[in-house]
Amino acid sequence: MNISVIIPLYNEAESLKELTDSISVVMKSNNFSYEIILVDDGSNDNSWDTISELSKNNSDIKGIKFRRNYGKSAALNVGFHDSQGDVVITMDADLQDSPDEIPELYGMIKERGFDLVSGWKKKRYDPLSKTIPTKFFNWATRKTSGIKLHDFNCGLKAYKSDVIKSIEVYGEMHRYIPVIAKWAGFINIGEKIVVHNKRKYGKTKFGGISRFINGFLDLMTISFVSRFGKRPMHLFGLLGTIIFILGFIFAAWLGIEKIMIVTNGGIAPRVTTSPYFYIALTSMIIGTQLFLAGFLAELISRNSADRNKYLIQKKINIE
């Protein structure tokens, strides 16, 4: 199969027929073999009824229904798992991404050898309350990851199949898939300016200040997990050891100083009257705690197999 198109959605019933019709026209006019995987992320409108109806008339349209709302990353992760195409395209269900971009994205993966191509909505139709924070996070992600993309959060992306079969997304990490892919060893990442259409139906389902706070926390998590996820003891153990040794040196210095004063016939003050005693004591306690945190993180990282399990209520046209 040439292409899998994965579309996570939540309450987007109005746009699904127009979207899938447009994708099918593009696929057939370019002689692509394809599948469209619609992942219903716990919608409470009639999105699933629409998917069921569409799949009856076109067996290339497939559906997955979550029992409840888990978020975009979960929907993408499940769609990635069931995809069969050599190239995987992700796009939003709100008709703001144009299916006409698919042939060129496919060519960039198959002919130009990119592992991943991210869309860049250079001209956007979003409000300033969304575009300004997005620019800030794109800048922060570029600085953190070293990946020169303008628009990490663009829903329209193309992937070599190996990429999406090798990574895992959860939480709100869908916007950082290029970062996750890079740290998984897929470094040939490209960008393509894409058309951004105005939303035709309904309102955006992704808004609010929590979206940006969660995004910042996810960026920190990805940075940490990518560097130390397999060896957390290397971070916590190192910090704990350094802080413990500094505290021990302070304590030893106080003890030696007191012994020297007493040896020379002087009257040494109690070590507990010195502020350095408490600095030394606190340092050794913090060092020990960090060391233990490293051990616990090491144990947790080895026993997290259930992190990405979701309750799937129904599937259509998927074995």
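Predicted model: local features only at pLDDT ≥ 70, side-chain atom pairs only at ≥ 80, totals over all residues.
Residues are numbered from 1 along each chain as its sequence is written, and side-chain values use heavy atoms, with hydrogens and water left out.

The side chain of Asp21 meets that of Lys17 in a salt bridge with an N to O distance of 2.8 Å; a salt bridge is a side-chain nitrogen of Lys or Arg within 4 Å of a carboxyl oxygen of Asp or Glu. Lys17 is likewise partly exposed, because its relative accessibility is 49%. Both residues belong to helix H1 and are four residues apart, about one turn of the helix. An α-helix has 3.6 residues a turn, so residues three or four places apart point the same way.

Nine salt bridges are present in the structure. A second pair is formed by the side chains of Lys192 and Glu101, at 2.4 Å from N to O. This pair links distant parts of the chain, with Lys192 in strand E7 and Glu101 in the loop between E4 and H4, 91 residues apart. Lys192 counts as buried because its relative accessibility is 8%, and Glu101 is buried at 8% relative accessibility. Lys192 also forms a salt bridge with Glu104, the closest N and O atoms being 3.8 Å apart. Here too distant parts of the chain are linked, as Glu104 lies in helix H4, 88 residues from Lys192 in strand E7. Glu104 is partly exposed at 47% relative accessibility. Through shared partners, the salt bridges join Glu101, Glu104 and Lys192 into one network.

Overall, the protein chain comprises ten helices and eight strands, assigned as DSSP runs (helices H or I, at least four residues; strands E, at least two) and numbered from the N terminus. Of its 319 residues, 47% are buried. Among contacts (heavy atoms within 4.5 Å) between residues at least 6 apart in sequence, 82% join residues at least 24 apart. In helix H4 (residues 102-110), the buried residues are Ile102, Leu105, Tyr106, Gly107, Met108 and Ile109. Their cover includes helix H1 (13-29) and several strands, among them E1 (3-9), E4 (87-90) and E7 (189-193).

The chain exposes about 16,800 Å², of which carbon and sulfur atoms supply 59%; accessible areas come from the Shrake-Rupley method with a 1.4 Å probe, and for residues only the protein chains shown count as cover. Phe244, Ile245, Phe248 and Ile249 form a nonpolar surface patch with about 390 Å² of accessible area together. Patches consist of residues with over 30% relative accessible area and no salt bridge, like charges being joined within 9 Å and nonpolar side chains (Val, Leu, Ile, Met, Phe, Trp, Tyr) within 5 Å. Phe244 is located in helix H9 (residues 232-263) and is partly exposed at 35% relative accessibility.

Two residues other than glycine show positive backbone torsions. Phi of Asn31 is near 55°; this residue lies in the loop between H1 and strand E2 (34-40) and is exposed at 69% relative accessibility. Asn317 has a positive phi of about 60° and is placed in the segment after strand E8 (312-316). Most residues other than glycine have a negative phi.

Note on methods:
Buried < 20%, exposed > 50% of the residue type's maximum accessible area, 1.4 Å probe, protein only.
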